[in-house]
Amino acid sequence: MLTIDRATYDGIVAHAKRDHPDEACGVVAGPEGSDRPERLVEMVNAAGSPTFYEFDSTDLFQLYKEMDQRDEEPVVVYHSHTATEAYPSRTDIGLASEPNAHYVLVSTRDCFNEDGGNNDAPVEFRSYRIVDGEVTEEEVIVVDELPARSN
Amino acid sequence: MAIEVRIPTILRNYTGGEKAVSADGASLSALIDDLEVNHPGIKDRLIENGDLRRFVNVYVNDEDVRFIGGLEAELSDGDQVVVLPAVAGG
């Protein structure tokens with residue numbers, strides 16, 4: 001189960017819409033072991049493609065260095081599909097390398113008409129665990145604010 | 001000579017859960033061979049057909065090794081090597 005606050009959820013959706021028809025990608029970092037997605041970090045899709053995404057290698061390094069310094073980990077790794085459903089592709093499964101992360105897939109395929117205009121359909125937002133090639137979908141619970149930290 | 005190698009979560013099963021291990025080598029290639037001695041199996045996760053795997057990034061002192069010679073990148077005592085799998089998909 002992924003519990004995520006409304007502002008972060010909306011931020012991911014807005015990022016996906018903004019980058020459509022290219023795939024958008026990023027992480028939500030949180031304290032190590034907390035399972036709390038607290039800090040949305042939009043990343044540039046270095047592939048700049050409607051069918052592929054990849055964090056730029058230098059950006060990736062800076063991101064992990066920063067998370068390391070803050071004792072954070074990527075609680076959520078998200079990207080968008082812009083023409084297909086919000087389900088991990090074979091490539092997504094093969095390259096998934098954060099067994100502790102929630103892999104969020106959003107789909108913007110129904111959000112735009114043929115001319116690229118907005119048709120107000122909702123963005124599909126789903127979450128998965130991807131471990132050793134096994135995909136398990138999980139429930140997404142959107143809350144106004146994450147509960148207070150338990151420590 | 002000692003070089004600190006930071007290991008990503010996905011490869012820590014080769015290092016007994018350690019986030020960082022120490023290894024030796026005058027080049028990245030030699031360093032990976034040395035890692036393999038103490039952590040058998042790890043080399044195959046980094047190298048494919050004699051080159052770095054496409055979706056594995058290795059950094060020496062903050063620099064992507066692809067820009068500084070790849071497997072031939074030179075290393076010296078005190079360098080820090082970071083391994084990070086690409087975050088990518090389709």
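Two residues are in contact if their C-beta atoms, placed from the backbone, lie within 7 Å. The structure is a predicted model, in which local features need pLDDT of at least 70 and side-chain atom pairs count only at pLDDT 80 or more, while totals for chains, interfaces and linings use all residues. Residues are numbered from 1 along each chain as its sequence is written, and chains are lettered from A in the order in which they are written.

View 1. Strands (E, at least two residues) and helices (H or I, at least four) are DSSP runs numbered from the N terminus. Leaving aside neighbours within four places in sequence, A:Gly30 is in contact with A:Arg36, A:Pro37, A:Glu38, A:Arg39, A:Glu72, A:Glu73 and A:Val75. A:Gly30 is buried, with 20 other C-beta atoms within 10 Å; a residue is buried at 20 or more such atoms within 10 Å of its own C-beta, exposed at 12 or fewer, and partly exposed in between, with C-beta atoms placed from the backbone.

View 2. The buried residues of H1(A) are A:Tyr9, A:Ile12, A:Val13, A:His15, A:Ala16 and A:Asp19. These residues lie on the same side of H1(A) because they cover an arc of only 155° around the axis, the arc being that of the directions from the helix axis to the C-beta atoms. On the other side of H1(A), A:Arg6, A:Ala7 and A:Arg18 are exposed.

**View 3. Positive phi at A:Asp132, a residue other than glycine.** A:Asp132, with phi near 50°, lies in the loop between strand S7 (124–131) and strand S8 (134–138) of chain A, and is exposed, with 8 other C-beta atoms within 10 Å.
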